[in-house]
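Here is a walk through one protein model, from its charged pairs to its core. Keep the structure open and follow the residues as they come up.

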Amino acid sequence: IFEYMAYGVYQIGTLRGETEAVYRRTGAGRAVAANGKALARAIRGVLARPDIAAGRDARTAAFRSNYSGPAAYALMVEHIEQVARDGVGSSPQA
């Protein structure tokens, strides 16, 4: 989903769970039931909403700020530094 999101493509998928949460959080798409009728209904709904096409730049920006290499690396570094500060996982001194 992230490759498409990087280019601002609105996605209609059938994956639930974490993927659906990313869609909701970023506006990058929506999840539908895994059948032809649900997919056709979703496509018609998206085509009827010009604001979705107009949101391409916002979807690209959401990718860049949350999921691009530099953003993911910065979050990873922040997490590692926090773990080091908190001493999580360190063994007690004998």
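**Salt bridges, an aromatic pair and a core**

Arg 16, Glu 20 and Arg 24 are joined in a network of salt bridges. Keep in mind that this is a predicted model.

Arg 16 and Glu 20 meet through their side chains, 3.0 Å from N to O. Arg 24 also forms a salt bridge with Glu 20. Here the closest N and O atoms are 3.9 Å apart. That still counts, because the cut-off for a salt bridge is 4 Å. Why can such side chains pair at all? Side chains of opposite charge can do so when their charged atoms come close.

How far apart are Arg 24 and Glu 20 along helix 2? They are 4 residues apart, so about one helical turn separates them. Now look at the accessibility of the two arginines. Arg 16 is partly exposed, with a relative accessible area of 44%. Arg 24 is exposed, at 62%.

How many salt bridges does a search of the whole structure find? It finds 3. One of them links Arg 49 to Asp 51, with the closest N and O atoms 2.7 Å apart. Arg 49 is partly exposed, with a relative accessible area of 43%. Asp 51 is partly exposed too, at 43% relative accessibility.

Turn next to the rings. The structure holds 1 aromatic pair. Phe 2 and Tyr 67 form it, with 4.8 Å from centre to centre. Their planes make an angle of 45 degrees, and the pair is tilted. Phe 2 lies in helix 1 (residues 2–6), while Tyr 67 lies in the loop between helix 5 and helix 6 (69–86). The pair therefore ties together parts that are 65 residues apart in sequence. Phe 2 is partly exposed, with a relative accessible area of 35%. Tyr 67 is partly exposed as well, at 23%. Buried means under 20%, so Tyr 67 does not count as buried.

Finally, go inside. Which residues make up the largest nonpolar core? It has 6: Met 5, Val 22, Tyr 23, Ala 28, Ala 62 and Phe 63. Helix 2 (18–26) and helix 5 (56–66) each supply at least two residues of this core.

Leaving aside its neighbours within four places in sequence, Ala 62 is in contact with Met 5, Thr 26 and Tyr 67. Met 5 is itself a member of the core. Tyr 67 is the ring partner of Phe 2.

Methods:
Residues are numbered from 1 along each chain as its sequence is written. This is a predicted model: local features need pLDDT of at least 70, side-chain atom pairs count only at pLDDT 80 or more; totals for chains, interfaces and linings use all residues. Side-chain values use heavy atoms; hydrogens and water are left out. A nonpolar core is a set of buried Ala, Val, Leu, Ile, Met, Phe, Trp, Tyr and Cys residues joined through side-chain atoms within 4.5 Å. Buried means under 20% relative accessible area, exposed over 50%, partly exposed in between (1.4 Å probe, protein chains only). Contact means heavy atoms within 4.5 Å. Rings of Phe, Tyr and Trp (its six-membered ring) pair if their centres lie within 6.5 Å; planes under 30 degrees apart count as stacked, over 60 as edge-to-face and the rest as tilted.
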